[in-house]
Amino acid sequence: MKIHEYQAKQILFAFGVPIPEGGVAETAAEAREISARLGRPVVIKAQIHAGGRGKGGGVKLAQTPEEAERTASSILGMQLVTHQTSPQGVKVRRVLVEEAMEIKKELYLGVTIDRGAALAVIMASESGGMEIEQVAAASPERILKAHVDPGSGIWPFHAREIAFSLGLPPEASLQASQLICSLYRAFWAKDCSLAEINPLVWTGDGRLLALDAKMNLDDNALFRHPEARELRDTQEEDPLETEASRYQINYIKLDGTIGCMVNGAGLAMATMDLIKLCGGEPANFLDVGGGASAEQVENAFRILLSDRNVRAVLINIFGGIMRCDVVAQGMIEAASKLKVEVPIVVRLEGTNVEKGQELLRGSGLNFTVASEMKDAAEKAVKLAQ
């Protein structure tokens, strides 16, 4: 689950990470009030779930409260387009108004999961304020890493190792060590998949501050953090993805024409790869899970078909936990109830597969039964064309 920059900063501040002074505004008048309270030049920052806001015109400097009001007015309500948004952009509904400052040095600091090592990893770089992916690709030696065993947690030497390698003046090393420990504690306590500060700045008055912050919370751990659910901004999410989450369906909208319904994330990824290999484009990732009910199948159909780009549907089910005949009956009922008109290709494998295929063939509906995965992908691509 993604959260806004201002929300991430509030969490980090509670764990001891220094942040600039400021406030959140939903109107231009509120931005003026915050600027007047700070009594110094401010930065107005659009709050959306995407990076690259500055390049898109969503981050601007204001010298006075009056200028802050005008600037906020120009940003609020705009459709902000960045490299991480759709071509239509995202509507800006709130801005973060923060003190402007003299910056001597910009750094990168983040904590994420190294799945290869099965450990948390602290990453840092002197190349802050840039796209860290570009730095990693062009100059991987500039990315410093320290792995942390979740059993023992972070130790002072982890933080010192990173802090002393960042080229900071000696007086900043202690601040950096403490900040790194605070960032890791926030990452661990909130069950994050990512906690990132970019840039982390060394200011002219000798402070280390999180000038920007990004935190992704693990959806699977939200049952431990009921307070985190209040941070979710569904207006920043695709409406179909939001609806799917209500039925415990994992759905991500894509740009293709072939709707996919699969049970199991790995099988879903393989199905999407096969569609592309056969010359098509998947319209979505959709995992109904290992024990999908008839109701979930119906809701999955409805969500799939709400995407007007879908010209064919490919259903790929492995009946290990589920019986193929039960799944087939659920598909027939859902397709009949929803009056599905696009062609549907079905590949079933597992328990009672022959019975399931017989039900589909005898349903009188627009089902095409495939023998195996590649056959299903080829048929779906042909029908979508």
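Reply: Let's begin with a term: a crossing is right-handed if the near helix is turned clockwise from the far one by less than a right angle, and left-handed if anticlockwise. By that rule, α2 passes α3 in a right-handed crossing. Keep in mind that this is a predicted model.

Me: What do the axes of α2 and α3 do where the helices meet?

Reply: The axes of α2 (residues 28-38) and α3 (residues 65-75) come within 8 Å and cross at roughly 145°. Angles here run from 0 to 180 degrees between N-to-C directions.

Me: Which residues of α2 and α3 meet?

Reply: From α2 there are A28, A29, A31, R32, S35 and A36, and they meet P65, E66, A68, E69, A72 and S73 in α3. Contact is called when heavy atoms lie within 4.5 Å.

Me: Why is R70 called exposed?

Reply: Exposed means over 50% relative accessible area. R70 has 55%, so it counts as exposed.

Me: Why is helix α1 described as mostly covered?

Reply: Count its residues: 7 of the 10 in α1 (residues 5-14) are buried. They are E5, Y6, Q7, A8, K9, I11 and L12. After α1 comes G16, with a positive phi near 100°.

Me: How do you know that the buried residues of α8 line one face of the helix?

Reply: The buried ones are L267, A268, T271, M272, L274 and I275. Seen down the axis of α8, they fall within an arc of 160°, so they line one face. The face turned away from that side carries the exposed residues G266, D273 and L277.

Me: What do the buried residues of α8 pack against?

Reply: They pack against strands β14 (258-262), β15 (284-287), β16 (312-319) and β17 (344-350), along with helix α12 (373-384).

Me: How does the span of α8 compare with the expected one?

Reply: α8 (residues 265-277) has 13 residues and reaches 18 Å from its first C-alpha to its last, close to the 18 Å expected at 1.5 Å a residue. G279 follows α8, and its phi is positive, near 95°.

Me: What makes a group of residues a nonpolar core?

Reply: Its members are buried residues of the nonpolar kinds, joined through side-chain atoms within 4.5 Å. The largest one here has 41 residues, and those touching the most other members are L12, L109, I122, L168, I180, I197 and M215. Helix α6 (residues 170-189) gives the most to this core, with 9 residues. A second, separate core of 34 residues includes V297, I303, C324 and A328. In soluble globular proteins, nonpolar side chains tend to be buried together.

Me: How many helices and strands does the chain have, and how much of it is buried?

Reply: There are 12 helices and 18 strands. Of the 385 residues, 50% count as buried. The C-alpha trace spans about 75 × 50 × 40 Å along its principal axes.

Terms used: Residues are numbered from 1 along each chain as its sequence is written. This is a predicted model: local features need pLDDT of at least 70, side-chain atom pairs count only at pLDDT 80 or more; totals for chains, interfaces and linings use all residues. Side-chain values use heavy atoms; hydrogens and water are left out. Buried means under 20% relative accessible area, exposed over 50%, partly exposed in between (1.4 Å probe, protein chains only). Helices (H or I, at least four residues) and strands (E, at least two) are DSSP runs, numbered from the N terminus. The expected span of a helix is 1.5 Å times one less than its number of residues. The arc is that of the directions from the helix axis to the C-beta atoms.
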